[in-house]
Amino acid sequence: MASTSSSNNTTVILKEWIRNPILISTAFLGITSNIILLISIVSMKRVQDSYYSFVINIVIADLVTSVVTFINPLIKLIDKEFYALIGEYYCKMFYTLFCASYITAGYNFTLLSLYRLKMITNPANFKSTSIICKYSSLLMILSWIISLLFSIPVNFLTRYDRKINKECDVYYPYGQLFSIIYFFLILVIGYSLSVLVITSSYVQIASKISSRIGLVITIGTTHVKRSTWSKSNNANKFLALATVFYVVLSWPFVASLSFLAVINQTQAQLTQSNPGLSWILTVAFALSFLTCIINPILFLTFDKNVKASLHKICHKI
């Protein structure tokens, strides 16, 4: 028994020394890249455009996730006793904010896809007729309110594990069934519905653009030529790429929580019973966080307006 306990403690310490520096460095990259993207967008003349309003909301969500992810291992490395003291409160805040920002990002990617669909189907006057454009600010605020309200139960389903892993973990104070239902609801409402709407929107966008490229389209007195539709197609390809990364990388977070609820184990218990599977879930959580880094890199690299704004800022410096 003593040998097993010593082995578990060694594994935990080794995991911390490997994981914490990686988390700190990647979270710092997430903070830096999202701040750069935020400054670039705010400096643009088109900052009032609904499209960039939704992008700003995604940036804020990614920034929140990056900050709480950065602070968590940093406190551990600096002062473990202090972390043990505040661990219970910080873990609840960490998981709640992570979940809320996760759902918010998904909703705003959904709004972006609907915005692009409206722009393609009604380019002449979609800004004056589309609800998404007319009430973009309200939709941005609502996405956060809904996400925060939906994430409140996470506060009661997470805690600081003082015995085994000495880190944030889930547990089941209201029973296994409650946790299974709740985490699957997040998976459906916070992820699956967004994926369905996003997929439907981009399929329609691709269909409409492919039928219009090569033609001269006349809408009222506005002439939209091949070059215009080609540029629009490139913009949609980039946005679709960013969305694909979100869709592929974000689901493991809630999927892993749902899996733990189904097998009725905490991460700490799984570490003892099946260390290999525990590492897989840890990697799944890390993959979900990578969206916070990939999103700003994609926008800074491929969005021509953001790139132009960043170049202007760099020249001034």
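Figure 1. Lys92 counts as buried, because its relative accessibility is 15% and the limit for buried is under 20%. The model shown here and in the other views is predicted. The side chain of Lys92 meets that of Glu88 in a salt bridge, at 4.0 Å from N to O. Glu88 has a relative accessible area of 24%, so Glu88 is partly exposed. The two partners both belong to helix H3. Lys92 and Glu88 are four residues apart there, so about one helical turn separates them. The salt-bridge count comes to one.

Figure 2. Tyr90, Phe94, Tyr95 and Phe98 are linked into a cluster by ring pairs. Across the whole structure, a search finds nine aromatic pairs. In the pair of Tyr90 and Phe94, the ring centres are 6.4 Å apart and the planes lie at 20°. This pair is stacked, because planes under 30 degrees apart count as such. Tyr90 and Phe94 are four residues apart in helix H3, about one turn of the helix. Both residues are buried. Phe94 also pairs with Phe98, and this pair is tilted, with 5.9 Å from centre to centre and 45° between the planes. Phe94 and Phe98 are likewise set about one helical turn apart, being four residues apart in helix H3. Phe94 has 4% relative accessibility and so counts as buried. Phe98, with a relative accessible area of 2%, is buried too.

**Figure 3. The largest nonpolar core.** This core has 70 residues. Ile41, Tyr51, Val55, Leu112, Ile186 and Phe253 have the most contacts inside it. Helix H3, residues 80-121, gives the most to this core, with 18 residues. Another core lies apart from it and has eight residues, among them Leu63, Phe70, Cys292 and Ile293. In soluble globular proteins, nonpolar side chains tend to be buried together.

**Figure 4. Contacts of Ile186.** Ile186 is among the residues with the most contacts inside the largest nonpolar core. Which residues does Ile186 contact, leaving aside its neighbours within four places in sequence? They are Cys99, Ile103, Phe150, Val154, Tyr191 and Val254.

**Figure 5. Phe253 in helix H8.** Phe253 sits in helix H8. Its relative accessibility is 1%, so Phe253 counts as buried. Neighbours within four places in sequence aside, Phe253 is in contact with Tyr95, Phe98, Cys99, Tyr102, Ala284, Phe285 and Ser288. Tyr95 and Phe98 also belong to the ring cluster. Ala284 is 31 residues from Phe253 along the chain, yet their C-alpha atoms are separated by 6.2 Å.

**Figure 6. Thr266 in a loop.** Thr266 lies in the loop between helix H8 (226-263) and helix H9 (267-273). Not counting residues up to four places away in sequence, Thr266 touches Asp169, Val170, Tyr171, Tyr172 and Leu260.

**Figure 7. A nonpolar patch on the surface.** The patch is formed by Ile131, Tyr135, Leu138, Ile141, Leu142, Ile145, Ile146, Leu149, Ile152, Phe156, Tyr174 and Phe178. Together these residues have about 1,200 Å² of accessible area. Helix H6, residues 136-156, gives the most to the patch, with eight residues. Ile152 is found in helix H6. At 42% relative accessibility, Ile152 counts as partly exposed, because that class lies between buried, under 20%, and exposed, over 50%.

**Figure 8. The protein chain as a setting for the close-ups.** The chain holds 11 helices and four strands. Of its 317 residues, 48% count as buried. The chain exposes about 15,600 Å². Carbon and sulfur atoms supply 70% of that area. Among contacts between residues at least 6 apart in sequence, 77% join residues at least 24 apart.

Note on methods
Residues are numbered from 1 along each chain as its sequence is written. This is a predicted model: local features need pLDDT of at least 70, side-chain atom pairs count only at pLDDT 80 or more; totals for chains, interfaces and linings use all residues. Side-chain values use heavy atoms; hydrogens and water are left out. Patches are made of residues with over 30% relative accessible area and no salt bridge: like charges are joined within 9 Å, nonpolar side chains (Val, Leu, Ile, Met, Phe, Trp, Tyr) within 5 Å. Accessible areas come from the Shrake-Rupley method with a 1.4 Å probe; for residues, only the protein chains shown count as cover. Helices (H or I, at least four residues) and strands (E, at least two) are DSSP runs, numbered from the N terminus. Buried means under 20% relative accessible area, exposed over 50%, partly exposed in between (1.4 Å probe, protein chains only). Contact means heavy atoms within 4.5 Å. A nonpolar core is a set of buried Ala, Val, Leu, Ile, Met, Phe, Trp, Tyr and Cys residues joined through side-chain atoms within 4.5 Å. Rings of Phe, Tyr and Trp (its six-membered ring) pair if their centres lie within 6.5 Å; planes under 30 degrees apart count as stacked, over 60 as edge-to-face and the rest as tilted.
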